[in-house]
Amino acid sequence: MEVQLEQWYWNIPVVTRVYLTLACLTSAAVHFEFVTLFHLYLNFHLVWSKFEIWRLFTTFLFFDMISIHLFFYMHFLYSYCRRLEEHYYHRRTADFLFMLLFGASLMLVFSAWVYNMKFLSHSLMIMVVYLWSRRNPDEHLNLLGLFTISAPYLAYVLLGFTILLGGRLENTIPDVVGIAVGHLYWFLADIFPAVTGKQVLRTPGFVAALFPNDDDFVRNQAQQEWRPFFG
């Protein structure tokens, strides 16, 4: 059993594995009071005045205390990050990491200048779900055994659940931000190149250097052959 669990863990693609591990460790650290949320939440004043740079990262790592909610978060994070990294970004790990960094950067800018959000982990997860659903338009998902939806509507259905369960309009902001950032990335990475033939998003060299085993030929073929879903 231990061997199977270890094999399962090491078979998870590297970026998904690292993110999932850090998220679980962060929640465990808070749950068992090794750290508090006051040490982790996004506070730009503390980032600039006290040089607490880690807050720019921990805001994406804390999802919830150890609970059923955390289980669902980790399920979505594992499922859709892994599917994207294993399939659409197969042998293009640097591109996958750049996608996450691009989305995270826009969310930090939004939180700094538009609406202050303490934790951005939920928004980043929604962005991943949105991108997976857009890139798999023919998939159909059975939710809770009650009804079936087409993949491109998954993020909007999750937004609907947030509205039903959250009550207040402000609770929907993380979902809306995740969808908006995901849609912008999808447009710039998939639709715009398909329409104009010009690639506006390119993975920086320092990110690509982290993954020397990536296949440039596979990357170029994916950029040339991908045809986005316009529905």
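**Entry 1**

I looked up aspartate 190 and arginine 135, whose side chains meet in a salt bridge at 2.9 Å, N to O. A salt bridge is here a side-chain nitrogen of Lys or Arg within 4 Å of a carboxyl oxygen of Asp or Glu. The pair links distant parts of the chain, with aspartate 190 in helix α9 and arginine 135 in helix α7, 55 residues apart. Helices (H or I, at least four residues) and strands (E, at least two) are DSSP runs, numbered from the N terminus.

I noted that the model is predicted: local features need pLDDT of at least 70, side-chain atom pairs count only at pLDDT 80 or more, and totals for chains, interfaces and linings use all residues. Residues are numbered from 1 along each chain as its sequence is written, and side-chain values use heavy atoms, with hydrogens and water left out.

Are aspartate 190 and arginine 135 buried or exposed? Aspartate 190 counts as buried at 2% relative accessibility, and arginine 135 counts as buried at 6%. Buried means under 20% relative accessible area, exposed over 50%, and partly exposed in between (1.4 Å probe, protein chains only).

**Entry 2. Further salt bridges**

I recorded a count of four salt bridges by this rule. Side chains of opposite charge can pair when their charged atoms come close.

One of the four joins arginine 92 to aspartate 95, with the closest N and O atoms 3.1 Å apart. Arginine 92 is buried at 4% relative accessibility, and aspartate 95 is buried at 5%.

I also found a salt bridge between glutamate 86 and arginine 82, at 2.9 Å, N to O. These two residues are separated by about one helical turn, because they stand four residues apart in helix α5. Glutamate 86 is partly exposed, with a relative accessible area of 31%, whereas arginine 82 is buried at 14%.

**Entry 3. The surroundings of arginine 82**

I then followed arginine 82 to its other neighbours. Its side chain makes a polar contact of 2.6 Å with the side chain of tyrosine 78. A polar contact is a pair of N or O atoms within 3.5 Å; within protein, one must be able to donate a hydrogen and the other to accept it, and residues adjacent in sequence count only if both atoms are side-chain atoms.

Which residues does arginine 82 touch, not counting residues up to four places away in sequence? I listed Trp8, Asn11, Ile12, Pro13, Thr16 and Leu77. Contact means heavy atoms within 4.5 Å.

**Entry 4. The largest nonpolar core**

I turned to the largest nonpolar core, which has 62 residues. Such a core is a set of buried Ala, Val, Leu, Ile, Met, Phe, Trp, Tyr and Cys residues joined through side-chain atoms within 4.5 Å. Leu84, Met99, Leu154 and Tyr185 touch the most other members. The elements that each supply at least two residues include α5 (68–88), α7 (121–135), β1 (140–143) and α9 (173–196). The largest share, 10 residues, comes from α6.

Not counting residues up to four places away in sequence, leucine 154 touches Tyr80, Val129, Trp132, Ser133, Leu141, Leu143 and Ile149.
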